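Trainee: Please take a close look at one pair of strands for me. Then carry on from there to other parts of the model.

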Amino acid sequence: MEKTRKWRWGVNRWLVLLFTVLSYLAARFFPPIRPHIQVAAEHLSTRPLFSLPALGEVYLTNTMVGIFIVDMILIVGAFFVNRAVKSGELVPKGLSGAVEALLEAIYNLTESTAGKWAKVIFPYFAAISLIVLFSNWLELIPGVDSIGRLEPSSQGYAVRQILPHVFALVQGETQGGGYLVVPAVRVPSTDLNFTVALALVSVVMTQVIGIRAQGLRFFTKYFNTTTLFTKPFFGAIDFAVGLLETISEFSKILSFSFRLFGNLFAGAVLLFVVGSLIPVFAQSLVLLFEFFIGIIQALVFGMLTMVFMTQATQGHAGEEQSQAAE
Amino acid sequence: MQGDIVAAAKLIGAGLAMIGVAGAGAGIGLVVSGAIQGMSRNPDLYGTILTNMILGIAFAEAIAIYCLVIAFLILFVL
């Protein structure tokens, strides 16, 4: 036991050294450039795919390719896990065992917060967490954000041919405009469209679950007229608080989407800048940091959705009773 | 000349926008300090406190992220 552990550690150590030396040599032959940073997702197609009446023309963007890859990973994984579960073995092995452990942990967390509504809320929590987790981790795959097609630009860089039909951007003088890379795949979470869509799903389904749990009484959270005529003064305050709740629902969309987008976009910019300043080894530490940011942001997005949905199922009356009990 | 002034003003504006991060940092520090005190006094509630701590950090962090998004918008979009 002792011997095997020592042996593996030794090999990993030499691998790290080998890759460090290789990246040093690569940085000597191809001096790193600072990639072009753009908030909006880059268009891959020159002509729009189709046009919608309210939204205008829809292009194929590189974040769409990213979310397609994430969907494929999730669907293929779900297919294999489903087949393993259907095969009738009571003790799951390998991938299905890992997925079962993960989903059970998420379900227990939901049940401890939401109680009897766990069965309704759990799918949103699990689906949002998984899709955000995998789209955040897409950043860790080499080639994402760095491989794509060349596009002439006035502030571009010089190119050098390394293989037939394969070029690399290098530092140096350019005669009359160089080139920029339009990445073929970009992390979906660095596109504000993806995060706003997830936030809209989360907030709208919170209202739907609230109505399912409380019926029309749910709307007294926003237009609180229950005490307006019996106790005029405090009733007016309650009504104003209800209006503030309405505003906070809209600010939830904003905070959900900006939190995820800001974290991941900042991570991508940090990777670009560190990679262009210190091309050797330093980016690995930033990648480790991004790995944790990916987990935490996925968990936070899912958990906030779960907590807001749980609050929507409980309503005012429950809150007052629990406060009186304390 | 005017382009240079605009570029300089963008950088200064992005820097000024990030001042708000100081408050979020103090807020996250307070949240974690309180959570760790609670955990050390009542280790049985570790899981519950950790969950609520991460939620609180997320709320405090959101304010910092607003500043960051504004700085990015100033730098790369405007």
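Mentor: Start with a definition: two strands count as paired if DSSP finds at least two bridges between them. Keep in mind that this is a predicted model.

Now the pair itself. In chain A, strand β4 covers residues 158-163. Strand β5 of chain A covers residues 166-170. The two run antiparallel, and five bridges join them. For one facing position, look at A:V159, which stands opposite A:L169 in β5(A).

Next, the turn. Two residues lie between the strands of this hairpin. A:H165 takes a positive phi near 65° there. Then check the cover over β4(A). That strand has six residues, and the count of buried ones is zero. β4(A) is hardly covered.

Positive phi values turn up elsewhere in chain A. Take A:D145, in the loop between α4 (118-137) and β3 (148-153). Its phi is near 75°, a positive value in a residue other than glycine. Is A:D145 buried or exposed? Count the C-beta atoms: A:D145 has 23 neighbours inside 10 Å. The cut-off for buried is 20 or more, so A:D145 counts as buried.

Now go to A:F281. This residue is not a glycine either, yet its phi is positive, about 70°. A:F281 sits in the loop between α6 and α7 (282-325) of chain A. Here the C-beta count inside 10 Å is 12. Exposed means 12 or fewer, so A:F281 counts as exposed.

A:T227 lies in the loop between α5 (192-214) and α6 (232-277) of chain A. It has 16 other C-beta atoms within 10 Å, which means that A:T227 is partly exposed. Setting aside neighbours within four places in sequence, A:T227 contacts A:F234, A:G235 and A:D238. A:F134 is another matter. A:T227 and A:F134 are 93 residues apart in sequence, and their C-alpha atoms are 47 Å apart.

Turn to helix packing in chain A. Helix α2 (residues 62-86) packs against helix α3 (residues 94-114). The angle is about 100°, and the axes are 9 Å apart. An angle of 65 to 115 degrees counts as roughly perpendicular, so α2(A) and α3(A) are roughly perpendicular. From α2(A), the contact uses A:F80, A:V81, A:A84 and A:V85. From α3(A) come A:L95, A:S96 and A:V99. Six of these contact residues are nonpolar, one is polar and none is charged.

Last, chain B. Its elements run α-α-α from the N terminus. That is three helices and zero strands. The C-alpha atoms fill a box of roughly 65 × 15 × 10 Å along the principal axes. The radius of gyration is 18 Å, while a compact globule of 78 residues would have one near 12 Å. Of the chain's 78 residues, 14% count as buried. Consider contacts in chain B with a separation of 6 or more: 79% of them link residues 24 or more positions apart.

Chain B also meets chain A. The contact takes 14 residues from chain B and 16 residues from chain A. On the chain B side, twelve are nonpolar, one is polar and one is charged.

Terms used
Residues numbered from 1 in each chain as written. Chains lettered and ligands numbered in written order. Predicted model: local features only at pLDDT ≥ 70, side-chain atom pairs only at ≥ 80, totals over all residues. Helix = DSSP H or I, 4+ residues; strand = E, 2+ residues; numbered from the N terminus. Rg over C-alpha atoms; globule rule 2.2 N^0.38 Å. Contact = placed C-beta atoms within 7 Å. Nonpolar A, V, L, I, M, F, W, Y, C, P; charged D, E, K, R; others polar. Axes fitted to C-alpha atoms, helices over the stretch in contact; angles between N-to-C directions. Parallel < 35°, antiparallel > 145°, perpendicular 65-115°, else oblique.
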